[in-house]
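Open your viewer and keep the sequence panel beside it. We will go stop by stop, selecting as we go.

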Amino acid sequence: MDMGIWNPEWYLYVDAAIDEGRARVGVALVLRNAVGQVWRWEKAVIQGPMTSNEAEYAALVWALMRVERIRKLWRPRLIVHLDNAIVVSQLHGTAAVRHPALRHWYLQARAWAQRFPGISFVHIPRHQNMLAHALARLALQEEPDVRRH
């Protein structure tokens with residue numbers, strides 16, 4: 001039975017959570033196939049400090065790096081869902097990226113996105129991104145391996 005695995009459209013949900021001291025960022029991804037089934041989820045911690053927008057970009061870059069292995073197996077069209085309207089507007093080119101630290105993350109995200117032909121970015125309300133959000137918060141509680149940015 002085809003469970004949407006070979007459908008060329010996949011949905012990537014990405015989120016970040018910052019600890020109280022802004023020293024660490026929990027990042028998470030949820031990858032769903034075309035019929036909405038969760039095919040993969042991951043979480044990690046990235047060393048900060050970061051602003052909330054930097055953390056969203058860091059999560060996006062991390063998620064695209066993790067998902068790229070799938071792209072090598074077949075060529076799904078990736079639709080990325082983010083609950084940060086500013087980041088999505090910047091990725092669409094309708095908002096400027098002014099801060100140098102944020103520009104660093106923006107350029108990394110654009111470079112990774114170019115590896116996925118037809119990639120698109122969609123802003124969604126937080127309540128539609130709860131699984132990725134909860135995983136990002138959980139990453140901070142479990143203290144997995146910390147990656148430097």
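Which residue in β2 stands opposite Y11? Select Y11 and look across to β2: R32 stands there. Keep in mind that this is a predicted model.

**Stop 1: the strands around Y11**

Now look towards β4. There, Y11 stands opposite I79. Select strand β1, residues 9-18. Eight of its ten residues are buried, so count a residue as buried when its relative accessible area is under 20%.

Go back to the hairpin of β1 and β2. Five residues lie between the strands. Pick out R22 in this hairpin: R22 takes a positive phi near 60°.

**Stop 2**

Select D83. You will find D83 in the loop between β4 and α2 (85-92). Is D83 buried or exposed? D83 is buried, because its relative accessible area is 14%, below the 20% cut-off.

Show what surrounds D83. Beyond its neighbours within four places in sequence, D83 is in contact with D15, E56, H123, I124, P125, R126 and N129. Take P125: 42 residues separate P125 and D83 along the chain, yet their C-alpha atoms are 5.4 Å apart.

Turn on side chains. The side chain of D83 makes a polar contact of 3.4 Å with the side chain of R126. A polar contact of 3.3 Å joins the side chains of D83 and N129.

**Stop 3: helix α3**

Select residues 100-113, which form helix α3. This helix has 14 residues. From first C-alpha to last, α3 reaches 20 Å, close to the 20 Å expected at 1.5 Å a residue.

Colour the buried residues of α3: L102, W105, Y106, A109, W112 and A113. Now look down the axis of α3. Its buried residues fall within an arc of 130°, so they line one face of the helix. An α-helix has 3.6 residues a turn, so residues three or four places apart point the same way.

**Stop 4: the whole chain**

Zoom out. The protein chain has four helices and six strands. Along the sequence, the pattern is β-β-β-α-β-α-α-β-α-β. Of the 149 residues in the chain, 49% are buried.

Show the surface last. The accessible surface comes to about 7,800 Å². Carbon and sulfur atoms account for 52% of that surface.

Methods:
Residues numbered from 1 in each chain as written. Predicted model: local features only at pLDDT ≥ 70, side-chain atom pairs only at ≥ 80, totals over all residues. Heavy atoms only, no water. Helix = DSSP H or I, 4+ residues; strand = E, 2+ residues; numbered from the N terminus. Expected span 1.5 Å × (residues − 1). Buried < 20%, exposed > 50% of the residue type's maximum accessible area, 1.4 Å probe, protein only. Arc of directions from axis to C-beta. Areas by Shrake-Rupley, 256 points an atom, 1.4 Å probe, with all protein chains shown as cover. Pairing = 2+ DSSP bridges. Contact = heavy atoms within 4.5 Å. Polar contact = N/O pair within 3.5 Å; in protein donor to acceptor, adjacent residues only side chain to side chain.
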